[in-house]
Amino acid sequence: MPPTELRSRDTSQLVTESDDLLKSGKKLVGVNGNWYDVTNFIKIHPGGPIIEEFVGKDATDVFLSNGHKGVLKRWRPVGTYQMKERHPADKEFVELLNLFKSKGWFETSWTFYAGKLLFVYSLWTIVWGTLLLSENFYAHMAAGVVLAFFWQQTGFLMHECMHTTVFRNGFRDRFAGLILGTFNFGFSAHWWRDEHIVHHMMTNTVDSERRFADPQMWESVWAQNEKLYPLFGGLLQWCLVKIQHFTFIPMVTFIGRAEIIFDSYRVERRWYEWIAIVGHWCWMILMLSLLPNWKERIFFYCIAASVEGVFHFQLILSHYCKEFNEVSEFHKDSWYRFQIGSNMNIDSPTWLDWYYGGLNYHIEHHLYPLLGRRHLREASKYVRKVCEKYDIEYDSCSMTRALIRTLSHLKTCGTHYKLSFY
Ligand code: HEM
């Protein structure tokens, strides 16, 4: 469901005493004890309409953890409110944000990104070179695997650009994201960003009343949590949910790439996205034309798409067997502890960080989305200490264990699901 369908809810959970202001009909967002009137700003907010979910609420933590450097200098508060007493752990998470800033971990390392770009385009060159220079079938199929790595690695760079963590400038980052995501990878990078922002702000959240869920953690073919049941109905979905622990791996692997491509093209209306999409298919068709026949072309693309599909696991496994919250529960807990409960890290050696694009440190990435990927490993040591101190579960396990946990979770949820019709 696109984020534009989000609407403000009733104001029963307000964290404020400033009733008159809130009843004025203005859309107010609370930051650091001040109310800001965003009524006319919502439609142009660079972070999208998700801001509406925080209307009438204290949004200090989510606001600060998403950058907003100096944003409020140009804004005049329209009133004040009493902030709730913070949990000591939350105070420490805010202190960590400031500590990481003081260490320069939010700054861009150009040598790091130059190296990453070199790596990404070397992979692309290897694919072109192999198809141009070799006539061997197996070499062509191996080039398909390299193409999958090219898509994966360019995807990680796009991810960072769409978080505005590379140029630290909305326009430049999104333009780079368009090249890396749409032209290189082949789906709409801006569509993905829209969904990704909602995913970050409302990770694993479900609103059964509005039939809405975190768009990057909800597929209509499986229910990985019982809170998602209200979004399902009908015989076909019942059948799919019942066998979801069998279909999960093949579907993610073989259909994962096609699904995100088609989903993005279906709703994309932005002209610049379409120019980049056409550009992508021009090079893709040119590449396929280097292969000698249709059989090889089909094998080559299917191998590349399936290997790339395998990479999708690393992202979804970080969330699938974690807590899901109804949207009404979402604002009750703190932003930081809510994120820790909805995320899981994947244990891996340092030398494999390139493979995960830093996203093996998913907890840290969700707590501080603008933190450079080079620093996530180091940041995790601090976050883990705070969790230990306050007895907050810090979930981290190997990829294999995460997959086993997810499959058994899918099995349990499939078993408990009962048929309902809408
Ligand atoms: C007074 C309220 C707010 C104002 C004036 C505001 C303004 C802005 C501005 C100017 C940007 C562009 C990037 C920047 O300069 O840092 C931005 C980005 C963003 N905002 Fe807000 N914002 C507000 C509240 C919120 C809230 C409550 C949320 C949480 C849902 C939010 C989420 C985001 C996100 C996710 C981005 C994109 C960050 C990125 O580029 O990765 N904003 N906002």
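Domain bounds here come from an automatic or database domain assignment. Welcome to a predicted model, in which local features need pLDDT of at least 70, side-chain atom pairs count only at pLDDT 80 or more, and totals for chains, interfaces and linings use all residues. Residues are numbered from 1 along each chain as its sequence is written.

**View 1. The protein chain has two domains.**
Look for domain 1 (3-85) and domain 2 (88-422). Their C-alpha centres lie 28 Å apart.

**View 2. Domain 1 meets domain 2.**
Here 15 residues of domain 1 are in contact with 18 residues of domain 2; two residues are in contact if their C-beta atoms, placed from the backbone, lie within 7 Å. The side of domain 1 that touches domain 2 has five nonpolar, six polar and four charged residues. In this scheme Ala, Val, Leu, Ile, Met, Phe, Trp, Tyr, Cys and Pro count as nonpolar, Asp, Glu, Lys and Arg as charged, and the others, Gly among them, as polar.

**View 3. A shell of residues surrounds the ligand.**
The ligand has 24 residues around it, and the closest are Tyr36, Pro46, Gly47, Ala59 and Thr164 (a residue is near a molecule if its C-beta atom, placed from the backbone, lies within 6 Å of it). By class, this shell holds 15 nonpolar residues, eight polar and one charged. Why does the ligand lie between domain 1 and domain 2? Both domains give residues to the shell, so the ligand lies between them.

**View 4. The largest nonpolar core has 64 residues.**
A nonpolar core is a set of buried Ala, Val, Leu, Ile, Met, Phe, Trp, Tyr and Cys residues joined through C-beta atoms within 7 Å. Buried residues have 20 or more other C-beta atoms within 10 Å of their own C-beta, with C-beta atoms placed from the backbone. Val29, Tyr368 and Val383 have the most contacts inside the largest core. Helix H16 (residues 376-389) gives the most to this core, with five residues; helices are DSSP runs (H or I, at least four residues), strands are DSSP runs too (E, at least two), and both are numbered from the N terminus. Not counting residues up to four places away in sequence, Val383 touches Leu96, Ile363, Glu364 and Leu367.

**View 5. Three strands form an open sheet.**
The strand order is E5-E4-E6, with mixed pairing; two strands pair if DSSP finds at least two bridges between them. At the edges, strand E5 (212-213) and strand E6 (325-326) each pair on one side only. Strand E4 (residues 205-207) pairs with E6 in the parallel sense over two bridges, and Asn325 in E6 is the bridge partner of Thr205.

Notes: A residue is buried if 20 or more other C-beta atoms lie within 10 Å of its own, exposed if 12 or fewer, and partly exposed in between; C-beta atoms are placed from the backbone.
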